[in-house]
Amino acid sequence: MSAPTDPIAYLRRVREAGQHNDVVQMIRDRDSAITRWGRVFASPSRLTPEDLSDFLQFEHNRHWWGLQRRSDILLRRFEAVREMISELLDEDRPIVERIDGLGEPREFDREIWSPILLVTHPDTHGVWNQISESAMRRLGLWPDGTDGASPGTVYGMVDEMLNLTAAEVGVDLWTLDALWWAVEKEHDASRYFVTRSKPARVATRARTAAPARTKTLRAAKAKAVVAEDTFVCQRCWMTKQSRLASDEAGVCIDCA
């Protein structure tokens, strides 16, 4: 797969296009979400299990889904988690040291602590999770030298790149994190969709369908909803934005 020759220009186009309603809504929810959760986590000693449980749900954090899958273990170990949050937010210590010093439970990982860093320090700390890493690698923005490095060291490099990218694109770190989601949706929409606390019934049926029939239905649906600025890749049978077309006719850059 080839990355866009100018990833910054590509991210700007994605932002300006506003074609993904869920991403647009994430961006709109920025101020209310940051205000709410910035206040909640500002005093870790006053954090309650109910606060943490709410934050782990997309309906409340307004940005990240799937975190609620960690609820059981994190709430069972709530006192330990609260102490980890307190250490994580201690700005008197280097961020690398804080992250590398996090202990158990291991479920309190980058998918959890980096969103907490963003809502508490929205102007300085970004999110490093599966979506952002995949999008950064896809666009050639993943920093060099991360192989074998500690989580804190990797985050330090990723955070620097996130800040540089946000500045170049002309957005804040919350919006940039929403744009990563849009990038991944454009390249592989079948993998990236917002899941609420209770997955929709239709998603369960899709997972249990026969592979051949699922592919046929996906292709038929894609052809039915294709818009003027999209095309259906003849290899992966997915509807892609026209800007994701490769030099090979009818094939997206992910399949070229």
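**Labels and their grounds**

Modeller: In this chain, 60% of the contacts with a separation of 6 or more join residues 24 or more positions apart. Contact means heavy atoms within 4.5 Å. The model is predicted: local features need pLDDT of at least 70, side-chain atom pairs count only at pLDDT 80 or more, and totals for chains, interfaces and linings use all residues. Residues are numbered from 1 along each chain as its sequence is written, and side-chain values use heavy atoms, with hydrogens and water left out.

Biologist: How many helices and strands does the chain have?

Modeller: The chain has 14 helices and two strands. They are DSSP runs numbered from the N terminus: helices are H or I, at least four residues, and strands are E, at least two.

Biologist: Why are α11 and α12 called roughly perpendicular?

Modeller: The axes of α11 (residues 151-169) and α12 (residues 173-187) come within 10 Å and cross at roughly 90 degrees. Angles under 35 degrees count as roughly parallel, over 145 as roughly antiparallel, 65 to 115 as roughly perpendicular and the rest as oblique. Therefore α11 and α12 are roughly perpendicular to each other.

Biologist: Which residues meet there?

Modeller: From α11 come Leu 162, Asn 163, Thr 165, Ala 166 and Val 169; from α12, Leu 173, Leu 176, Leu 179 and Trp 180. That contact divides into seven nonpolar, two polar and no charged residues. Nonpolar covers Ala, Val, Leu, Ile, Met, Phe, Trp, Tyr, Cys and Pro; charged covers Asp, Glu, Lys and Arg; the others, Gly among them, are polar.

Biologist: What makes the buried residues of α1 line one face?

Modeller: Buried means under 20% relative accessible area, exposed over 50%, partly exposed in between (1.4 Å probe, protein chains only). In α1 (residues 7-17), Pro 7, Ile 8, Tyr 10, Leu 11 and Val 14 are buried. Down the helix axis they fall within an arc of 160 degrees, so they line one face. The arc is that of the directions from the helix axis to the C-beta atoms. Their cover includes α11 and α12.

Biologist: Why is the pair of Trp 128 and Trp 142 called tilted?

Modeller: Rings of Phe, Tyr and Trp (its six-membered ring) pair if their centres lie within 6.5 Å; planes under 30 degrees apart count as stacked, over 60 as edge-to-face and the rest as tilted. By this rule there are nine aromatic pairs. Trp 128 and Trp 142 lie 6.4 Å centre to centre, with 50 degrees between the planes, hence tilted. Both Trp 128 and Trp 142 are buried.

Notes:
Axes fitted to C-alpha atoms, helices over the stretch in contact; angles between N-to-C directions.
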